[in-house]
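Subject: Structure handover

Hello,

Here is the structure for your files. Please open it alongside the notes that follow.

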Amino acid sequence: MSTSDAAPEEDGTPASPGADTTWFVVPLFNEAEVIGDVIRDLRTRYPLVVCVDDGSLDGSGRIAAEAGAAVVRHPYNMGQGAALKTGIDYALRDPRMQQIVTFDSDGQHQVDDAAAMIEKLHAEGVDIVLGSRFLDTRTKPGLLKRLVLRGAVWYTNLTSGVKLTDAHNGLRVLGREACEKISIEQNRMAHASEIVEEIGRHKFTVAEHPVHILYTDYSRSKGQSALNSVNIVIDMLFR
């Protein structure tokens with residue numbers, strides 16, 4: 001069955017395009033409270049999930065494995081960029097893999113959005129589909145984060161030659177060729193800008209798709225929104 005011909009499941013679950021050819025790459029660091037639910041929910045529709053346990057100290061990797069994910073462990077925290085590189089390399093070992101999805105471990109990404117992006121990759125024949133928080137009004141970032149993200153878009157568009165509306169969105173679909181050619185050398189937050197620059201360097205075709213990033217009480221309690229804003233600024237100034 002082609003990706004665009006996926007039929008609805010008998011139990012009413014939405015169609016899952018590319019379910020047998022898509023690997024979800026999930027960087028993981030100290031998310032024991034939520035990672036089990038994230039993986040179980042994801043695997044009801046997409047069984048091929050690899051979590052890269054990036055030096056967690058709270059048993060996150062064990063919980064992810066119990067929920068059905070393949071788990072690759074870093075001996076210490078190396079950063080999200082390094083985790084993505086490890087996960088992509090793992091997925092490339094599967095000759096059936098046609099695309100990977102980069103997916104957050106904290107419950108902010110929506111499986112429906114990922115499925116729509118996989119569908120779009122094949123329907124439009126592009127190499128990469130990137131999620132954007134700014135193509136509809138579902139996502140509600142705080143004022144500081146919104147301002148920083150807009151600044152990141154301006155900076156990345158200027159330096160990469162790739163015109164986007166959201167340059168630091170972690171929900172991405174990368175076709176196999178893009179996975180093979182994109183080089184991720186920046187271990188931490190700078191990897192987001194690096195990926196966009198690699199898209200421009202290799203002249204990959206790219207489309208954006210509106211996504212809903214759910215800023216939960218859990219993620220806010222960990223200070224992720226504010227911290228990520230600071231990391232993005234550091235990324236732009238010092239990478």
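Predicted model: local features only at pLDDT ≥ 70, side-chain atom pairs only at ≥ 80, totals over all residues.

Residues are numbered from 1 along each chain as its sequence is written, and side-chain values use heavy atoms, with hydrogens and water left out.

The sheet

Helices (H or I, at least four residues) and strands (E, at least two) are DSSP runs, numbered from the N terminus. Seven strands form an open sheet with mixed pairing, in the order S3-S2-S1-S4-S6-S5-S7; two strands pair if DSSP finds at least two bridges between them. S3 and strand S7 (206–210) are at the edges with a single partner strand each, so one side of each has no neighbour in the sheet. On average, neighbouring strands are turned by 20° against each other, direction ignored.

Strand S1 (residues 22–28) pairs with S2 in the parallel sense over five bridges, and Phe24 has Val49 in S2 as its bridge partner. Strand S2 (residues 49–54) also pairs with strand S3 (residues 70–74), again parallel and over five bridges. From S2 the chain passes through helix H2 (residues 60–66) to S3 in a right-handed β-α-β crossover, meaning that, with the strands pointing away from the viewer, the path from the first strand over the helix to the second runs clockwise.

Two loop residues

His109 sits in the loop between strand S4 (99–102) and helix H4 (111–124). His109 counts as buried because its relative accessible area is 7%. Its side chain reaches the backbone nitrogen of Asp104 at 2.9 Å.

Glu185 is in the loop between helix H6 (176–181) and helix H7 (191–202). Glu185 counts as exposed because its relative accessibility is 54%. Glu185 and Lys85 are 100 residues apart in sequence, with their C-alpha atoms 8.3 Å apart in space.

Regards

Methods
Buried < 20%, exposed > 50% of the residue type's maximum accessible area, 1.4 Å probe, protein only. Polar contact = N/O pair within 3.5 Å; in protein donor to acceptor, adjacent residues only side chain to side chain. Axes fitted to C-alpha atoms, helices over the stretch in contact; angles between N-to-C directions.
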